[in-house]
Amino acid sequence: MTARYSVIVPLMVLAVLLWSGAGHGEAEDREELGKVLHAMPPNGPFWKYGTVVMRRKSKKAGMTPVVFPHWVHRTKYTCRVCHLELEFGMRSGDTGVTRAQYLAGKYCGACHDGKTAFSVLDGDPTKCEKCHMKDTRALEERFEKFAEKLPAASFGNGIDWAKALRDGQIAPSNSFRAERSVMQFPDKLKAPLKLGTTSPRSDVTFSHEDHFAELDCSSCHPDIFKIKRDGTEFFSMKNNIYGNYCGACHMRVAFPMNDCRRCHAKMSGSSGY
Ligand code: HEC
Ligand code: HEC
Ligand code: HEC
Ligand code: HEC
Ligand code: HEC
Ligand code: HEC
């Protein structure tokens, strides 16, 4: 329960804003959506976006919670590596990692073994603090230098990750164990999908191919989207903003919903930023 806190709070703030700002509860209005997104998280500091605080097990054991920054890891590994191969859940708190598990080489311990990255085995308490972070200043400072080299965006991490990947500025590996191969992308999904379940004129196209570069089919099907065109129910912008559907990633790790034009390519007007 507590692990979800950080997500629930911004969503509660949003709920209040939606109901108070929308007048008649018609939140789908473009101006209103724009205002809501402008006023709410994720508008926090760039380094913090996609940084998950894991406290489910630490808290009980009296340890400082663990700070897991996606941005550090995204340059080296695709989502697939952790969320398919290493079986991390895609919701904060879902995995329930224990010390016994990562000491046995699972989860964080698969990489933090002293070879690929600093070790979880190290008994030196200053090493524990690299994950069980009391103070995030070093991480924030590291972010400043890190982001300088990457293409800029207005929201999220302030980094255009899609461009960085396209231009080869990052080249994350797609599997952790060399012998594991990624299935070939099916030809019949190459054509971009035009979305418009609830709003035929919203003009959003979805590229399976771009997403498959970092994600697996099982990241989205069947939990987030029906595997049938226009089959997903309650698929609206408002539900996206609440962290469902596209928002499952595009409010937490991938560029957030504030960045309207990256999905609504033809959107114009004041709320289009
Ligand atoms: C590579 C990152 C990392 C390092 C380094 C690390 N931990 Fe952890 N630790 C975790 C994660 C992740 C969890 C689970 C966090 C949660 O959900 O609360 C955890 C949980 C724990 C827990 C509570 C869970 C349980 O099973 O008892 C203890 C105790 C703990 N760590 C001790 C330590 C000590 C002591 C050190 C240093 C010798 C250390 N950790 C170093 C990542 C790390
Ligand atoms: C190095 C491992 C690693 C990589 C690579 C990785 N993740 Fe994660 N991800 C995690 C961990 C660990 C968590 C926290 C899980 C938990 O708390 O149980 C997480 C959580 C998430 C969450 C939930 C966040 C929240 O606040 O609820 C989302 C969404 C997510 N990841 C998406 C992605 C996407 C998209 C990518 C690729 C761009 C990605 N992840 C790459 C390890 C990774
Ligand atoms: C797939 C491999 C992989 C997994 C899984 C992984 N890490 Fe990492 N992690 C790395 C690598 C490699 C680095 C070093 C990256 C660099 O310095 O550029 C790193 C760096 C970090 C850093 C940055 C530390 C610093 O001083 O800048 C933290 C914090 C961290 N990992 C925590 C975690 C935690 C917590 C988990 C598990 C929840 C985890 N990592 C799982 C590979 C991994
Ligand atoms: C990032 C999320 C995501 C990933 C990853 C993903 N899909 Fe989809 N898929 C969607 C969405 C969104 C739809 C449209 C659903 C709707 O309209 O209700 C869809 C629709 C489909 C459809 C129906 C298409 C049509 O024209 O009728 C098929 C088939 C499908 N996906 C297969 C796959 C396969 C196979 C993979 C892995 C190679 C995959 N998907 C990966 C999000 C995803
Ligand atoms: C499972 C996670 C996930 C889901 C669900 C998801 N995406 Fe993405 N999407 C990503 C990641 C990761 C990227 C890479 C860029 C980034 O991280 O900012 C991306 C990139 C994109 C891009 C490319 C932007 C560019 O500038 O090239 C578009 C457009 C996009 N997503 C639209 C959508 C839409 C529309 C949906 C819902 C139908 C959706 N995504 C659902 C993870 C996801
Ligand atoms: C990650 C992709 C993504 C981003 C970013 C995004 N949207 Fe959407 N939006 C969608 C999708 C997908 C739909 C349509 C869902 C459907 O009907 O199939 C949609 C639908 C809409 C609709 C139609 C009404 C409705 O409720 O469905 C409006 C209005 C809208 N978006 C406004 C915005 C505004 C304003 C922003 C920026 C503040 C924005 N969107 C950012 C993906 C996105």
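Strands S1 (residues 51-54) and S2 run antiparallel and are joined by four bridges. Strands are counted as DSSP runs of E with at least two residues, helices as runs of H or I with at least four, and both are numbered from the N terminus. Two strands pair if DSSP finds at least two bridges between them. Val52 has Phe68 as its bridge partner in S2.

The model is predicted; local features need pLDDT of at least 70, side-chain atom pairs count only at pLDDT 80 or more, and totals for chains, interfaces and linings use all residues. Residues are numbered from 1 along each chain as its sequence is written, while chains are lettered from A and ligands numbered from 1 in the order in which they are written.

The protein contains 13 helices and four strands. Of its 273 residues, 21% count as buried. A residue is buried if 20 or more other C-beta atoms lie within 10 Å of its own, exposed if 12 or fewer, and partly exposed in between, with C-beta atoms placed from the backbone. Contacts require C-beta atoms, placed in that way, within 7 Å. Among contacts between residues at least 6 apart in sequence, 52% join residues at least 24 apart.

Strand S2 (residues 66-69) has two faces. Val67 and Pro69 form the covered face, and Val66 and Phe68 the uncovered one. In a regular strand, side chains alternate between the two faces of the sheet.

S2 also contributes to a ligand shell. The shell around ligand 3 holds 23 residues, and Phe68, Cys108, Cys111, Ala117 and Cys131 are the closest. A residue is near a molecule if its C-beta atom, placed from the backbone, lies within 6 Å of it. At least two residues each come from S2, helix H4 (70-74) and helix H5 (79-85). S2 gives the most, with four residues. By class, the shell around ligand 3 has 17 nonpolar, three polar and three charged residues. Ala, Val, Leu, Ile, Met, Phe, Trp, Tyr, Cys and Pro count as nonpolar, Asp, Glu, Lys and Arg as charged, and the others, Gly among them, as polar.

The largest nonpolar core has seven residues: Val52, Met54, Val97, Cys108, Ala110, Cys111 and Val120. Such a core is a set of buried Ala, Val, Leu, Ile, Met, Phe, Trp, Tyr and Cys residues joined through C-beta atoms within 7 Å. A second, separate core has five residues, including Leu33, Met237, Ile241 and Met257. Val97, in the largest core, is in contact with Met54, Lys57, Tyr102, Tyr107 and Cys108, leaving aside neighbours within four places in sequence.

Helix H8 (residues 137-148) has 12 residues. At 1.5 Å a residue, H8 should span 16 Å, and its end C-alpha atoms are 17 Å apart, which agrees. The expected span is 1.5 Å times one less than the number of residues. H8 is hardly covered, with one buried residue among its 12.

Pro42 is found in the loop between helix H2 (30-39) and S1. Pro42 is buried because 21 other C-beta atoms lie within 10 Å. Beyond neighbours within four places in sequence, Pro42 is in contact with Tyr49, Gly156, Met251 and Pro256. The C-alpha atoms of Pro42 and Asn258 are separated by 8.4 Å, although these residues are 216 residues apart along the chain. Phe185 lies in the loop between helix H9 (161-166) and strand S3 (193-195). With 13 C-beta neighbours inside 10 Å, Phe185 counts as partly exposed. Phe185 touches Glu209 and Phe212, not counting residues up to four places away in sequence.

The loop between helix H11 (217-220) and helix H12 (237-241) includes Pro222. The peptide bond from His221 to Pro222 is cis, with omega near -5°. Asp230 lies in the loop between H11 and H12, and its phi is near 60°. Asp230 is partly exposed, with 14 other C-beta atoms within 10 Å. Phe234 is found in the loop between H11 and H12, with a positive phi of about 60°. Phe234 is exposed, with 10 other C-beta atoms within 10 Å. Most residues other than glycine have a negative phi, and most peptide bonds are trans.

Notes:
Contact = placed C-beta atoms within 7 Å.
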